Amino acid sequence: MKHVDAQQVQPETADRLEGLIGDFVGQSQAYYQKTFAYMMQAPGYRFTLNKAAAILGPIWFGARGLWSWFLGFLVLETLAYIQIGLGLFGDLGREFRERADQIEQTLSLRRQQIEAAEQSGAASLDSLKRAAESLESALVGAQEAAQNADSTGITYLAVGIVLLLAVKFLAASLANWTLEGQFARWRSDSSVAHGWSVTRMVVASALTLVVVVLSTIKFSQPDALAILKTFPTNRDWRLNVGDGVQAVFEWAKTAGRGFFDGLTYGMRTLLDWIEVVLVDTPWPVVALVIIMLAYLSAGPRVAIFTGAALAYLGLLDFWEKAMTTIALLGAAALISITLGIPLGIYCARRPRAFAIVRPILDFMQSMPSFVYLIPVVAFIGSGKPAGVVATMIFGSPPVIRFTVLGLQQVPETVREAALAFGATPRYLLWRVDLPLAHKTIMAGVNQTILMSLAMVVVASLIGAKGLGEDVLEALQYAAAGQGILAGLAILFCALILDRIVAGKK
């Protein structure tokens, strides 16, 4: 075996590193080989200046594939060029001149009124003269303000130049450091952008030119291009599209009348049964059961708190409405959880299905609740069933997402071990996946319940009874005290449910 000298290994490693740097940077290989060698001598940031980055600015970062840095420096340089544009040809006194024109028009009207009053001998002549004098002084002030604003152009120019130089210096001092970081990522992932791409440079140049020129024109000369002030549109387009959506709703309502009637009947039946349990049952029985649930789930402290909260609901005459609210919430949450957990299990094991379901969940969570009340009322009508459906739409996504997340976080090694010992798919789901993911799934259940309770006030807008009705009335009649009391009642209902569902026992 030949003896390898350590002094021979180091030059070979250095040569290989220089070759990698050359392959990565493409252009100016000698400069970057020397610069990277200097920066790699110590961890962290080391100060260097890149003249090309200073001259090209964001274009350099775009050509190198550093698009996040490109956007940042593009914004900073655009701000600088806007200040320069304002200083060179900006209409700085435009706002004050417009105000002076308005004052002058009003003053002209007052003078006409003064002439008419002098001819008729009206008693309001003195007040009109005083108003005219006030307008004249305001006109002089606006004209002076416009002149002063126009004289500040040199200040904007100086600030813009200083800001631009500062941004150029910052880009030059950070360019090599960011490129060296990208080189480290490229060594482990060859798909990372590398080299000097002419295509990227052209794209970055075009974006920079468009953003800088249009922004500078818009802020310095607002009336130069009318298209920059308002988006080109046609109101008839929205009206036509709205009519089309309305026609689709009418067709769906007519074609699916049987389905929607059945859905309404099912919701109303479920609500009636839950209200029989919570509202028609004697209140001591309901209170005792809820306190026992709190005790068995979370212990004596939560049971004491639950008893105090129920006493608050009863003594302030919120008991029946609170039970109605919990019935509506219970129906919505029961359906959401019953459908959400199986759907989450299905999506967790089939990524393609989750890729389809995820945008729907995003839509359900991001759409304002007042907006999707419109189709709910259109298809189902107002009342408690519509409130249940609206609450389901708002509260279903968390339990689905958390179920998917919990099952995806189950270690594959555990699942492989279970399969190695002969576990069937059903055994694997019920004995391995769900027990390991149950904490995350229960967090989703808890979020679904609380988010459903947050819809109480909104659901009252479409006829759902309960505590939300009191809050809505307090808003309508400015009854702050009654609204606060009803809000606290909703809060106590939420805390009771949260403690029972999240109880460790």
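Me: Where do the charges sit, and how far apart are the mean positions of the positive and negative ones?
Reply: The 40 positive and 38 negative charges of the protein have mean positions 10 Å apart. Lys and Arg count as positive, Asp and Glu as negative; His and the chain ends are not counted. Each charge is placed at NZ of Lys, CZ of Arg, CG of Asp or CD of Glu.

Me: What kind of model is this?
Reply: It is a predicted model; local features need pLDDT of at least 70, side-chain atom pairs count only at pLDDT 80 or more, and totals for chains, interfaces and linings use all residues. Residues are numbered from 1 along each chain as its sequence is written, and side-chain values use heavy atoms, with hydrogens and water left out.

Me: How many helices and strands?
Reply: The protein has 22 helices and zero strands. These are DSSP runs numbered from the N terminus: helices are H or I, at least four residues, and strands are E, at least two.

Me: What about the radius of gyration?
Reply: The protein has 35 Å, whereas a compact globule of 505 residues would be near 23 Å. The radius is taken over C-alpha atoms, and the globule rule is 2.2 Å times the number of residues to the power 0.38. The C-alpha trace spans about 125 × 80 × 50 Å along the principal axes.

Me: What share of the residues is buried?
Reply: Of the 505 residues, 38% count as buried. Buried means under 20% relative accessible area, exposed over 50%, and partly exposed in between (1.4 Å probe, protein chains only).

Me: Now the cores. Which residues have the most contacts inside the largest one?
Reply: Leu313 and Val388 do, in a nonpolar core of 68 residues. Helix α14 (residues 319-349) gives the largest share of this core, 14 residues. Apart from it lies another core of 23 residues, including Val25 and Phe183. A nonpolar core is a set of buried Ala, Val, Leu, Ile, Met, Phe, Trp, Tyr and Cys residues joined through side-chain atoms within 4.5 Å.

Me: What is Val388 in contact with?
Reply: Leaving aside neighbours within four places in sequence, Val388 contacts Met267, Leu271, Leu328, Ala331 and Ala332. Contact means heavy atoms within 4.5 Å.

Me: Which residues does Phe379 touch?
Reply: Not counting residues up to four places away in sequence, Phe379 touches Phe249, Ala252, Lys253 and Phe260. Phe379 is in helix α16 (residues 369-380). The C-alpha atoms of Phe379 and Lys253 are separated by 5.7 Å, though these residues are 126 apart along the chain.

Me: And why does Phe379 count as partly exposed?
Reply: Because its relative accessibility is 21%.

Me: Asp470, buried or exposed?
Reply: Asp470 counts as buried, because its relative accessibility is 14%. Asp470 lies in helix α21 (residues 467-476). Beyond four places in sequence, Asp470 contacts Phe318, Lys321 and Ala486.

Me: What about Asp317?
Reply: Asp317 has a positive phi of about 65°, and it is not a glycine. Asp317 lies in the loop between α13 (300-315) and α14. Asp317 is exposed, with a relative accessible area of 67%.
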